[in-house]
Each structure stands twice: as C-alpha cells, then as structure tokens.
Amino acid sequence: MEQNITTIEKICGAKPADVDLIIVGNDPNFVFVPQENYILKVLYDLDGNIINVTSWLECANYVNGGWTDLIPGTVNWEKNIFIAYLIIFFGYLAKGRLIKFLKKTW
Amino acid sequence: MVKQNKNTLIRISILLFVIFIPFSLNNSSEAPDTKYLEISSISFYQTQTCNYSLFDFWKENIGNERVVIKADFFSSINCFGKVNGVDYIDDSFYVYIGTNLNINLLLQSLFWILLISFIKIPKEEDFSEKLKKKTSPVRIIFTALLFTSQIFTESKFYNLYNKNVDTSISSENFFILGVFVAYLIILKLSDDIITPRISVLMNYLPFIFLVIGTYSSSNINFYIIYFCLIGTKHFSTKTLTNKYSILYIALIFFWLFNQNLSNNYFDVDKIRGFANSENSQGSLIFWIIIFYFFVNGLLHVFKKYCHQLDFEVLKKNFLISGTLTVLFGFLGTISSYLNFINFYFFGQNKNGMSTFQSVAGNTWRGFSASAEALGEFYGIALLLTFYFIFKLKKVTFLEITSIGLILYGLIKTNDAAVLISLVVISTFFLSNKLTKTKKTAVKFIIFFGLVLVFLLIITYSFFNPGVSKDYDFLSQNLLIESLRNSYYFEDENLFVNNLVDNSNYKDISYLEDYEVVLSKSTRFLLENYISDGNISYLPNITSVVSVGSSLINRTDKWGLFVSRYNPNDIEFLFGSGPMQFNKFYNSHTIKFKDGLILPHSSILNILLFFGLTGIIVWVFGSIKLMTKNTSDIKYLFLFYSLNLLKSDSTLYVSSFILIIFIATQCQNHKSKILNIN
C-alpha cells in the first residue's frame with residue numbers, strides 16, 4: 001500500500017496525520033467509519049461499478065485495490081487537448097520547414 | 001493584389017470557422033432530434049445534456065422568446081459549445097451552453113488575433129526591423145509560466161469556474177499542461193501577428209471597447225497578456241532603475257509585509273479579468289508582477305510609436321467602434337443567442353443587457369459591463385469628433401449617423417457627468433480658441449464658467465428634485481450615509497438611530513464600541529465634523545466632501561466606501577497593492593453585505609491600491625501634464641480625469657488602457673496641436 005501512496009493521495013487527498021495506513025483486504029467484518037469533514041468521493045472499477053467512500057482510509061483501500069476516480073472507458077479530454085495543442089504549437093513553429101519539405105516531396 | 005485578396009479570404013474563412021464550428025459539433029449521431037423548448041420538453045433537454053450543439057438548438061428554437069442563453073463555465077471539454085442544462089425560472093427557459101478554460105484560451109485568442117490581423121502591416125517595416133521585434137523564446141516561456149501560475153495563486157476562482165481543475169504539480173496534470181501550452185501558442189501567435197503591426201496599433205485603440213478581451217471562465221484579459229509580453233520583452237536594468245520602478249519596488253515591500261493573510265475569496269463579478277480574487281501572498285505577487293509588466297508594455301508602445309499616431313484615423317475608429325458597441329448592444333438585447341455570442345467572442349466581463357429597460361430606473365449599460373465606462377468612451381468619441389468638425393469645418397453623412405447613434409447610446413447610459421463635462425470642456429476649448437488675446441480668453445472662460453455653473457445647478461435641481469438644498473443637511477449627508485451602513489444598523493438600533501437623526505455625533509463618539517464598529521474613515525469624518533477647531537462660516541473637510549458628493553449624486557456609494565474603508569497607517573500611506581480589493585471588502589464588518597458595490601471613484605481605487613502615495617503621484621502627474629502642455633490633447637485628458645473622479649472605469653482594462661494612452665499622448669505631444677493638415 002505504501003508503494004501506491006502517491007496515487008492514493010492524488011485521488012483521496014493528503015493522508016490525515018491521525019490515520020494509520022492499514023490494509024483491510026477482504027475482511028468482511030471490517031466496517032469503515034465515516035470520517036468527519038471528508039467530502040464524499042465516487043470511485044469506479046474496471047467494470048463500471050460505483051462505490052461512494054466516506055473516509056480517507058476507505059478511499060485508500062479501494063484505490064489500492066485498483067479502483068479509480070475516472071469513469072472507465074471515458075476519454076481523458078485534458079490529455080487529448082494537451083497533445084493537440086502540442087502538435088499545433090510545434091507544427092506552427094516548424095511551418096516553414098514543413099512547407100519546404102512538402103514542396104520538395106511533391 | 002491577388003495575393004492580398006487571397007490572404008483576406010483565408011482569414012475570413014478561418015474567422016467563420018472559429019465562430020461556427022465549435023458551436024455546431026454534436027456529440028452523438030444516435031441522439032434523438034432536437035425539440036422546440038417548452039415546458040413539456042424541458043425533461044428531454046435535461047436528460048440529453050451534452051448532446052446538442054448551440055447552433056442545432058438555435059435552429060430548432062428560432063423565435064422562441066422564452067429562451068435565455070447563458071454560459072456554463074463549469075463544463076467539461078467534450079461538452080464545450082453544447083446544451084449542458086436547462087432550467088425553468090420566472091417563465092423563461094435558461095439554457096446553459098458549455099464553455100471550458102482549455103478551449104476558451106485558444107479559441108477566443110484566435111478570434112481576436114485574427115481580427116487584429118486585418119490591420120495592414122506598415123510598409124516601412126523591413127525584414128531586419130521585423131526580426132528585431134521578435135520576442136525571445138525564453139521570455140515567451142517566462143510569460144506563459146507567469147500566466148499559468150494564476151491557476152495556482154487564484155485556485156478558489158478557478159475551482160469555482162472550471163471543472164477538473166488540478167493544482168498538483170505533476171507531469172500527468174494535463175489540465176495545467178494544456179493551459180501552459182495554450183498560453184505558449186497565444187503568445188507566439190501574438191508575437192508573430194500583432195507585433196509587426198505594433199507601430200500602428202494605437203490608431204485602432206477604440207476597438208478595445210468592442211472587443212473587450214476577457215476570457216470566459218478566467219480572471220485574465222487578452223490585452224493584459226499581450227502587453228505583458230511587450231513589457232517582459234523590453235524589460236532591462238534600465239527599466240528597473242527608472243524612478244517610477246524604484247518607487248514601485250519600494251511599495252512592494254510595504255504591500256507584502258503588511259498583507260493580512262485571511263485567504264478570503266473576492267467575487268470579481270463585472271471586473272473579472274483585472275482584479276485579484278484571492279487574499280494570498282501568491283496572488284498578490286502575481287498581480288504585482290502582471291501590473292508592472294502590463295503598464296510598462298503599454299508605456300513602451302504608446303511612447304515609442306507616437307509618431308505613427310494618426311488622429312484622424314483614430315477619430316474614425318472611435319466613431320466606428322462607438323457605433324458598433326451601440327448596434328451590438330441592441331442585437332444582444334433583441335436576441336439571447338447573439339447576447340451569448342457577444343459575450344463569448346467579444347470577451348465581455350459580464351453578459352450585455354437583455355432588455356431595453358434601464359437598471360435601477362436610470363442606466364442602460366448595453367454592451368458593456370459598466371454604463372459609466374461606456375459613457376466616458378462615447379464622450380471621448382464625441383469630443384474628438386466635434387474637435388475635427390471644428391477644425392476641418394466638414395462632416396460627412398456617415399459621421400452624422402454615427403454621432404447620432406453614439407449620442408443615443410450616451411443618453412441611454414444616463415451618464416450625466418459625461419454630458420456635463422462635454423459641455424464644460426467644449427465651452428472651455430471654444431472660449432480658448434475663439435478669443436485672440438489671453439486676457440479676453442480668461443474673461444470669456446470666467447463668464448462662460450459662471451453661466452454654466454448657474455445653468456447646471458438650475459438644471460440639476462430641476463431634474464433631481466429629491467436632492468435637498470439645505471446646506472446643513474448636505475454637509476453631513478455623507479457622514480449620515482456611512483453611519484447608516486455601519487454595523488450599528490445591522491438590527492434596528494433605535495438608540496443610535498435617534499442620535500443620527502438628531503445629529504448628535506458627539507454622543508456617538510462616546511459609545512463604548514465606537515472604535516470597533518465604525519471604520520477609521522467614518523470616525524475621521526465624524527471627528528472632523530464635531531471638532532472644536534472648526535472655524536465658523538468656513539466649511540470643514542467633512543462638509544466639503546459631503547456637499548460635493550451630494551451634488552454629483554455619489555453620497556450613497558461613497559458613504560458605503562467610507563463605512564468600509566478601515567486602513568492601518570501603512571495601508572493608508574501605501575495601499576494594499578494593485579487590483580487588491582479583498583482586504584477592503586472583507587476586513588471590516590458593516591451592515592451591507594451582498595453584491596459588489598465598487599468605490600465609484602478612481603481616486604478611491606488609487607487610494608486602495610497605492611494609498612496616499614498613489615494619489616500624490618496621480619495629482620502631481622496630472623498637474624504637470626496639464627500645465628506643461630499647449631496641445632489640444634490636454635482637453636481629452638481633462639475630460640477623462642474629471643469623469644474618473646466619480647467613476648470606477650480604471651478597473652476595466654479598456655478604460656485603463658485608454659487613460660494611459662491619453663496621458664502618454666499628452667506627454668508626447670506637448671506643444672504640437674493634433675496632427676491635422
């Protein structure tokens with residue numbers, strides 16, 4: 001779990017000082033206690049199942065088990081826009097060379 | 001010629017593409033057909049969000065007068081330009097169209113840069129000159145980083161206006177990376193397209209009142225970005241050792257060390273794009289740097305290329321831009337769709353008016369976020385036009401039509417101060433020009449001045465019957481107003497109310513919580529009013545300011561300012577820093593809490609930002625500009641300065657640029673009369 005801490009903190013928020021990182025695993029008797037002031041988070045698994053988590057520890061355990069805050073199958077539009085902008089930017093910078101190259105080849 | 005036509009055609013095609021395509025794309029071809037929006041079809045649009053583009057919806061709802069189109073700032077990228085929600089409020093259907101910061105930055109900039117590209121590049125520009133004008137990549141990257149940092153320093157604003165805002169520093173934070181690359185593209189394009197035209201840019205300055213340049217979902221303005229680029233480009237040790245720079249750096253220390261970090265959020269509302277929304281050290285530093293580079297960029301352009309300024313072209317553009325603001329204001333009122341298009345593509349701070357009815361029973365701001373700022377712009381346009389008519393003794397039919405429309409717009413803004421100052425400045429100018437000797441001119445001015453003041457007082461009293469003529473009341477009106485806005489009146493406080501009604505200010509000053517409840521400025525007015533040092537028959541400061549504010553109808557606004565303004569000594573002397581309102585609005589509790597009521601005087605804004613130091617610099621600078629100038633530009637400066645005393649226009653980027661422009665030209669053309677052949 002310690003290895004995934006960056007991903008966990010990215011999705012669940014910073015680890016509260018008074019919470020110990022414990023792996024609950026598949027223990028059916030364990031009950032996650034809702035954490036005061038923790039804003040409810042919605043997590044998804046690969047099959048599209050949804051779970052609402054109400055404490056940092058609960059969130060951390062689910063993220064550790066492969067759940068994420070991104071709806072599966074959805075497009076990361078920010079990433080796409082970033083790539084598109086990069087292409088536009090470098091394409092624009094290289095426009096002179098690009099035109100020259102096209103003229104030569106054709 | 002053929003090549004030029006081809007280029008123009010390409011630019012027009014791209015312009016149309018930029019306007020129509022992003023708002024015409026649908027998400028799913030499988031979605032059912034659009035429907036005419038009525039009560040029975042609301043649920044259809046509420047369940048089919050993000051499926052229909054604005055233009056598709058428009059096509060189906062032509063003539064549907066109950067539709068009100070609004071921007072949904074909080075939209076994801078894939079829902080950009082699409083119907084994102086529908087609400088039924090007061091018998092109207094509010095339809096929300098998705099906008100997203102990552103797209104807005106590039107799309108809106110592209111539209112504005114394309115518009116500027118229609119300006120012809122001056123012929124004398126040779127290749128070496130063009131090369132010299134290119135900005136180094138390092139400075140472009142620095143500027144892009146600077147503007148991207150705003151997302152971190154004003155995270156509260158950006159979280160409120162944008163979905164998926166991520167302020168973590170990571171190579172996978174594509175939101176920030178996208179914004180950064182968007183800024184890089186904007187800066188590079190601006191440098192390549194606007195900078196070659198920079199020497200003639202001033203002639204097209206009036207169009208900044210049409211294309212306002214504020215990005216949707218953002219707290220920054222396109223002109224700030226571009227002039228900051230110019231500012232960083234010409235930044236050197238020489239600029240840094242300039243006496244104003246040294247003074248500015250000295251002030252920075254006071255601002256930073258005196259900052260009271262409360263981390264409040266300030267709702268920038270109609271001054272979006274040119275005000276700090278947060279009270280954090282990061283945002284203060286951001287606005288300090290931005291303001292410095294922005295002003296330096298403006299001064300550089302306005303000073304260096306003043307020889308290229310053609311006042312006749314400028315006048316023509318004032319008329320065209322003034323006419324277009326009136327016409328687009330009308331269009332935005334008639335059609336809610338056009339209102340949205342105006343908002344998005346002209347970069348308005350706030351949606352234009354949706355009705356012809358005036359706000360609060362008197363003003364109609366039309367296209368602009370501020371009726372006063374628009375009125376002053378119309379005033380400058382008319383003053384310049386009348387000047388040319390007087391000088392050239394000719395006027396065309398088109399000019400008369402434009403003047404008519406602008407006059408109509410000015411009357412609708414109900415900016416009496418502009419109308420009065422237009423008459424006063426014109427009279428002053430005419431009496432100065434029509435008399436041959438200085439002695440007769442002075443006589444004329446005194447005569448006209450007296451007649452005018454008399455006429456104005458009669459007219460004002462006639463049109464404002466509510467204004468009291470009782471000096472005793474007028475002299476304490478401002479004080480009464482500021483007391484009534486204080487926290488004493490949060491609940492019905494009969495005791496204090498009686499004291500105010502009976503003008504018993506001495507007893508108010510004996511109240512136990514007097515120093516806690518009343519702001520320093522209210523106490524200053526009160527103590528001055530009751531001071532034993534007052535000389536009989538000589539008005540004290542409180543009376544002078546109070547009577548003045550009553551005559552120009554500013555008592556309620558200035559009263560509110562006084563009740564709030566509670567600076568410590570350092571703040572009073574040096575202010576809180578450029579575009580900082582947070583401390584002013586959040587540090588002292590008063591009765592009035594809702595809505596954004598600005599100080600309604602640019603002098604008061606200067607006091608807030610730069611303290612008494614700023615006011616001294618402004619007053620002495622203005623006197624120096626006026627007295628050492630024999631050209632006719634000083635009339636424009638005088639006109640604008642008079643109006644700024646009672647308006648907040650300097651808080652709007654367009655008006656701020658215009659006043660800097662006029663002041664700089666006053667300095668540049670000290671003796672030459674406007675360059676008219």
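**Entry 1: a strand pair in chain B.** I began with B:Asp72 in this predicted model, and I found that its bridge partner is B:Gly98, which lies in strand E3 of chain B. Going on to the two strands as a whole, I noted that E1(B) and E3(B), the latter covering residues 92–98, are paired in the parallel sense over six bridges.

**Entry 2: the sheet around that pair.** I then looked up the sheet, which is open and consists of three strands of chain B in the order E1-E3-E2, with mixed pairing. Strand E1 (67–72) and strand E2 (83–89) of chain B are at the edges, and because each has a single partner strand, one side of each is left without a neighbour in the sheet. When direction is ignored, neighbouring strands of this sheet are turned against each other by 25° on average. I also asked which helix packs on the sheet. I found helix H14 of chain B, residues 336–345, which touches E1 and E3 of chain B and whose direction makes about 20° with that of E1(B).

**Entry 3: a bent helix in chain B.** Next I turned to helix H28 of chain B, residues 602–627, where a straight helix of 26 residues would span 38 Å at 1.5 Å a residue, yet H28(B) spans only 22 Å between its end C-alpha atoms. Looking for where H28(B) bends, I found a bend of about 125° at B:Phe610. B:Phe610 is itself buried, and the other buried residues of H28(B) include B:Phe609 and B:Gly611, as well as B:Gly614 and B:Leu625. I then looked at what covers the buried residues of H28(B), and among the elements listed are helix H11 (243–258), helix H29 (633–644) and helix H30 (653–668) of chain B.

**Entry 4: chain A.** For chain A I counted four helices and two strands, which follow the pattern α-β-β-α-α-α when read along the sequence. Of its 106 residues, 18% count as buried. Among the contacts in chain A with a separation of 6 or more, I noted that 54% are between residues 24 or more positions apart.

**Entry 5: where the chains meet.** Last, I looked up how many residues of chain A are in contact with chain B. Twelve residues of chain A are in contact with 16 residues of chain B. On the side of chain A that touches chain B, helix H3 of chain A, residues 77–93, gives the most, with ten residues. Sorted by class, that side of chain A has eight nonpolar residues, one polar residue and three charged residues.

Notes. Residues are numbered from 1 along each chain as its sequence is written. Chains are lettered from A and ligands numbered from 1 in the order in which they are written. This is a predicted model: local features need pLDDT of at least 70, side-chain atom pairs count only at pLDDT 80 or more; totals for chains, interfaces and linings use all residues. The expected span of a helix is 1.5 Å times one less than its number of residues. The bend at a residue is the angle between axes fitted to the seven residues ending there and the seven starting there. A residue is buried if 20 or more other C-beta atoms lie within 10 Å of its own, exposed if 12 or fewer, and partly exposed in between; C-beta atoms are placed from the backbone. Two residues are in contact if their C-beta atoms, placed from the backbone, lie within 7 Å. Ala, Val, Leu, Ile, Met, Phe, Trp, Tyr, Cys and Pro count as nonpolar, Asp, Glu, Lys and Arg as charged, and the others, Gly among them, as polar. Two strands pair if DSSP finds at least two bridges between them. Axes are lines fitted to C-alpha atoms, for helices over the stretch in contact, and angles run from 0 to 180 degrees between N-to-C directions.
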